[in-house]
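Here is a short briefing on one protein structure.

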Amino acid sequence: YMAREEWADSYTWLSRSLDADTQQPAVHLLAGTIAMKVDMYDAAAKHFDAAIGLVPDDVQPRLYLATLYQHQGDDDKALRTLLEARQVDTNAPQVYLMISDIYASQRKWSLAVTNIKHAIDNTPTADRDTRAIYNLRMARYLNKWNKPEEAILILDGMPGSGLRDPLAVEQ
């Protein structure tokens, strides 16, 4: 059903699986994702909360819940959820990335830059593509914060980027 994007049937089958055994965090995350896709936000939140209860030391369910809140336009709830996730794992780059995105949407550039720096610092050096994306995002934030010189320094530090103009980053 999922391969054919038959979301209602997919959700029904996942619900049956959870009826048989509620102790399946991955199934709760999948059911919550499908519920969110079909605008069943309360059901999605219940699934994500259930997953958090089953694996409280894992940031992933909190990232899903924060994504739901962002999708609903509730950045305050999303940020609270992400700050909880940061307490669970202070080294999770995705948490810092999402926090930086929220601060950027609120034009809180200092906080956005601080958090994207943490995302970069916590991303393995070998993951060059992700680090490059994060660095581009940081350059964009610096440029919007009216710090184009710092943005250029970030871009100059990227191997082979050739992107020196912060306006190019915007595009």
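Is the crossing of α5 and α6 left-handed or right-handed? The crossing of α5 and α6 is left-handed, meaning that the near helix is turned anticlockwise from the far one by less than a right angle. This is a predicted model: local features need pLDDT of at least 70, side-chain atom pairs count only at pLDDT 80 or more, and totals for chains, interfaces and linings use all residues. Residues are numbered from 1 along each chain as its sequence is written, and side-chain values use heavy atoms, without hydrogens and water.

**Helix pair** (helices are DSSP runs of H or I, at least four residues, numbered from the N terminus)
- The axes of α5 (residues 75-88) and α6 come within 10 Å and cross at roughly 150 degrees; axes are lines fitted to C-alpha atoms over the stretch in contact, with angles from 0 to 180 degrees between N-to-C directions.
- That makes α5 roughly antiparallel to α6 (over 145 degrees).
- Contact (heavy atoms within 4.5 Å) involves residues including Leu79 and Leu82 of α5 and Val95 and Ile99 of α6.

**Core**
- The largest nonpolar core has 49 residues; such a core is a set of buried Ala, Val, Leu, Ile, Met, Phe, Trp, Tyr and Cys residues joined through side-chain atoms within 4.5 Å.
- Helix α6 (residues 93-105) gives the most to this core, with 8 residues.

- Arg107 has a positive phi of about 60 degrees and, at 60% relative accessibility, counts as exposed.
- Asn146 has a positive phi of about 65 degrees and counts as exposed at 63%.

Terms used:
Buried means under 20% relative accessible area, exposed over 50%, partly exposed in between (1.4 Å probe, protein chains only). Helices (H or I, at least four residues) and strands (E, at least two) are DSSP runs, numbered from the N terminus. Angles under 35 degrees count as roughly parallel, over 145 as roughly antiparallel, 65 to 115 as roughly perpendicular and the rest as oblique.
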